[in-house]
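Me: I have a structure here that I would like to go through with you, in questions and answers. Shall we look at it together?

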Amino acid sequence: MKRLLVVDDEPHVARVLRVSLAKDGWSVETARDGAEALKAIANNPPDVMITDIQMPGMGGEELCRELHATLPHRPFPILVMTSMTARDQRDWARDLGSIEFLEKPVSPRRIAALLAQLLSQEKHNA
């Protein structure tokens with residue numbers, strides 16, 4: 001079973017994603033912020049991570065930068081949910097690799113489709 005880490009400070013968002021994606025066969029773990037996510041990743045890295053950008057404490061951008069510094073060859077892709085639509089607000093991700101942006105609002109079905117696409121690409125690259 002593929003493992004997914006959802007990082008979001010809004011409990012209802014994390015719950016909806018956990019329930020919806022579990023139906024698609026994902027084992028879903030949640031974290032409330034970047035610091036909590038780093039602990040979860042240190043214990044057991046996920047196959048994919050979905051993170052919000054704007055969160056209290058350590059936000060998604062800082063989380064991604066920290067992962068890049070500590071795991072420069074990170075073995076999992078990151079999906080970033082954001083309401084920031086301007087391209088220059090996303091420039092920070094260019095050098096971090098394997099980061100896809102999802103503009104809010106995003107449906108669990110859209111996320112499920114993107115996860116299936118990522119898994120398909122992973123099989124072709126293996």
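This is a predicted model: local features need pLDDT of at least 70, side-chain atom pairs count only at pLDDT 80 or more; totals for chains, interfaces and linings use all residues.

Me: Which pattern does the protein follow along the sequence?

Reply: Helices (H or I, at least four residues) and strands (E, at least two) are DSSP runs, numbered from the N terminus. By that count the protein has 4 helices and 5 strands. Read along the sequence, their pattern is β-α-β-α-β-α-β-β-α.

Me: In what order do the strands form the open sheet, and which stand at the edges?

Reply: Two strands pair if DSSP finds at least two bridges between them. The 5 strands form an open sheet with parallel pairing, in the order β2-β1-β3-β4-β5. Each edge strand has a single partner, so one side of it is left without a neighbour in the sheet; these strands are β2 (27–31) and β5 (99–103).

Me: By how many degrees are neighbouring strands of this sheet turned against each other on average?

Reply: Axes are lines fitted to C-alpha atoms, for helices over the stretch in contact, and angles run from 0 to 180 degrees between N-to-C directions. For neighbouring strands of this sheet, with direction ignored, the average turn is 20 degrees.

Me: Which strands does helix α3 touch, and what angle does its direction make with that of β3?

Reply: Contact means heavy atoms within 4.5 Å. Helix α2 (residues 34–43) packs on the sheet against β1 (3–7), β2 and β3 (48–52), with its direction at about 160 degrees to that of β1. Helix α3 (residues 60–70) also packs on the sheet, and touches β1, β3, β4 and β5. Its direction and that of β3 make an angle of about 145 degrees.

Me: What is the bridge partner of Thr-82 in β5?

Reply: β4 (residues 78–82) is joined to β3 by 4 bridges, and these two run parallel. With β5, β4 pairs in the parallel sense over 5 bridges. The partner of Thr-82 in β5 is Glu-103.

Me: Are the residues of β1 buried or exposed?

Reply: Buried means under 20% relative accessible area, exposed over 50%, and partly exposed in between (1.4 Å probe, protein chains only). In a regular strand, side chains alternate between the two faces of the sheet. In β1, Arg-3, Leu-5 and Val-7 lie on one side and Leu-4 and Val-6 on the other. With both faces covered, 5 of the 5 residues of β1 are buried.

Me: How far apart in space are Glu-62 and Ala-35, C-alpha to C-alpha?

Reply: Glu-62 has its place in helix α3 and is partly exposed, with a relative accessible area of 45%. In sequence, Glu-62 and Ala-35 are 27 residues apart. In space, C-alpha to C-alpha, the distance is 9.5 Å.

Me: Which residues does Leu-119 touch, not counting those up to four places away in sequence?

Reply: Leu-119 lies in helix α4. Leu-119 and Lys-2 are 117 residues apart in sequence, yet 9.3 Å apart in space, C-alpha to C-alpha. With those up to four places away in sequence not counted, Leu-119 touches Lys-2 and Trp-26.

Me: Is the peptide bond from Lys-104 to Pro-105 cis or trans?

Reply: Most peptide bonds are trans. Pro-105 lies in the loop between β5 and α4. The bond from Lys-104 to Pro-105 has omega near -5 degrees, and it is cis.

Me: Which element gives the largest share of the lining of the second largest pocket?

Reply: On a 1 Å grid over the protein atoms alone, a pocket is an open set of points where a 1.4 Å probe fits, with protein on both sides within 12 Å along at least five of seven lines, and lining residues have an atom within 4 Å of a point. Lys-104 and Pro-105 are among the residues that line the second largest pocket, as are Asp-8 and Met-81. The elements giving two or more residues to this lining are α1 (11–22) and α4 (108–125). The largest share, 4 residues, comes from α1.

Definitions and conventions:
Residues are numbered from 1 along each chain as its sequence is written. Side-chain values use heavy atoms; hydrogens and water are left out.
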